[in-house]
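Thanks, everyone; I would like to take a few minutes for the model on the screen. Please look at it first, and then I will go through the interface and one of the chains.

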Amino acid sequence: MPDSFHLDAVPVRLEGCSKTWPGGARALEPLDLAIHGGETIVFLGPSGCGKTTTLRLIAGLESPDPGGRVLFGDEDVTALPIERRNVGMVFQSYALFPNMTVAENVAYGLKVRKVSRGERAARVGEMLDLMHLGEFAGRRIDQLSGGQRQRVALARALVVRPRVLLLDEPLTALDAKLRDSLRLEIDRLLRTLGITAVYVTHDQGEAMALGDRIVVMARGRVAQVGTPREIYYQPADGFVADFIGTMNRLSGRVGGGRLAVGRTSLPWPAPDGPVELLVRPEDLALADGEADGHLDGRVAAAVFLGDRTRLVVEPPDGPALTVDTAGRSDLARGDRVWLRVDPARLLAVP
Amino acid sequence: MSACTGIAATRSPARSPVRSRGRPSSPAGHAPLRLAALLAPAAAVFAAFFLLPLVRLIAIGAGGAEGWGAYLATLTDPGHLDSLVSTLALSAGVTVATLAIATVAGLFLVRHRFPGHALLVALLTFPLAFPGAVIGFMVIMLAGRQGLIGTVTQALTGGRLVFAYSMAGLFLGYVYFSIPRVILTVMAAAEKLDPRLEEAARSLGAPPWRVAADVILPALKPALISAGALCFATAMGAFGTAFTLATRINVLPMTIYTEFTLQANIAAAAALSVLLGLITWAALALARSAAGGSVAAAG
């Protein structure tokens, strides 16, 4: 791979960035965030959580409320409009120029920068090859599939060697199979280029697969910042736990160093009182029979997913639990089951 | 009519294999005949009110002392040629000026909301309802001998600026009544622009003028071509305003009127009319091919 494909890893810092719309609605509460150089950071959350607003603040398409600052490296870019920030943007709707060919689209940023014709052609050629688009150079945009269009959009954003690559739900418009393959391609690309990337999505699978760190957002606030493993295994609160993956809730009571959940009791070193506990479906296992510390219940639903069977188990009291078990399980609705819980896998969440 | 029955006749042999396969009474079987029957009223109206008068007009053009030479004379007669050239120049100028003003104003109106926005848009479409004579009257009130511009310039410089009774006055009037229809077309097209396209161009470093040239204008091009063609055609054929301003203004519709009523040169008037029709038709056809068939839709 040529050296020109390795891009500078510029850190990005947001300091006290909030955003209030002219009508008075608050889109983003004051946010402080340091994105390391070369890092891929994913903003994850439901629609309206402020993730796209944050991306647009970094891009320069919106400006923060007075007092907020956006820094690229040591440079304060808060007052710079997007056209002077040198960022690359990729949109959900591709936003390719319909009046230009694939090659002209990719060349556009270089043309605006007055790069000479010869160098332009060379760099566009290199970039098209990198994105496996060489044979489509002369095509019109409406002759391409969705996946090809998004690869053109990536090439167009990257060919100008931006300081930061900003991706706004780039895979949302694609069908599931294409989404997976393009996600792998984007991952490979971001690792190869070493560019600082900000990726916005509502899809937790994408976030887990791509992000060095994930910023989970809700109602204009950051709920948690962490690596995918931290977010998954140590969710900061109930919202994060529910938003990422499937999470079971157990209501129990601690007394005398033991935790009582329904008729079950486990050793649990904590102050006495009621607790709310969370556990992942894969951290519950089917037990052979009744024993001390096993939860019991009846199968309310068994969904065969191929590689595994997902059971919904209803305990005699308390909410239903989701449990993953082997794909070849022959349990059916109404069967009595016992569940083994590893106390180490239980999460107490505020 | 005969063309329609011809289609029915050529279609029927092709249908026979279908019949032999045992589907004789399918409703689609009588389609060509039914089509011909349904088209008959429209064809009759088309023949009576368009085809026949047009053929008659062309024949009258050739019916004078010069015969078919009358058509050649429209181009060789210096007076007529002069009138044709000035009409073309005026219409082209009006089209360019209208497109420029309406594009800027239309984009602004789509992108900015302010108190009184809806009222302003409604007011802008006002001139659509005015006959040419009213437009001419308004031009006279503005730039005529007793007009506003004359009064102001006299107070300021001592000289009275009067241009209502000339090509400049006509230009002003035509731009005034062309703006509404063009602005509405531009606004409809601008509503459909994808804001992400502009953001993408800006992210690549394009300053506002480049975004306009590379993204906005190409996207508006079909609408601008169709609106421009209609504007041009209207300016070519407009008569009321010119007639109100001055009988000496040398535009083609005025020349036709003069030849017809004052000189009683009916053949020349007819030949000029056919020429005017041809030029306008050609302008619309050219625009239609350039805009990819969307001209009729924008009308």
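**The interface of chains A and B**

In this predicted model, 23 residues of chain A are in contact with 17 residues of chain B, contact meaning heavy atoms within 4.5 Å. About 1,700 Å² is buried between the two chains, with carbon and sulfur atoms giving 60% of that area; buried area here is the accessible area (1.4 Å probe) that two parts lose on being put together, summed over both.

The rule finds 2 salt bridges across this interface, each defined as a side-chain nitrogen of Lys or Arg within 4 Å of a carboxyl oxygen of Asp or Glu. Glu83(A) forms a salt bridge with Arg202(B), where the closest N and O atoms are 3.0 Å apart.

**Chain A as a whole**

Turning to chain A, 52% of its 350 residues count as buried, that is, under 20% relative accessible area with a 1.4 Å probe, protein chains only. Among contacts in chain A between residues at least 6 apart in sequence, 65% join residues at least 24 apart. The C-alpha atoms of chain A fill a box of roughly 75 × 50 × 40 Å, taken along the principal axes.

A note on conventions: residues are numbered from 1 along each chain as its sequence is written, and chains are lettered from A and ligands numbered from 1 in the order in which they are written. Local features need pLDDT of at least 70 and side-chain atom pairs count only at pLDDT 80 or more, whereas totals for chains, interfaces and linings use all residues, and side-chain values use heavy atoms, with hydrogens and water left out.

Technical notes. Buried means under 20% relative accessible area, exposed over 50%, partly exposed in between (1.4 Å probe, protein chains only).
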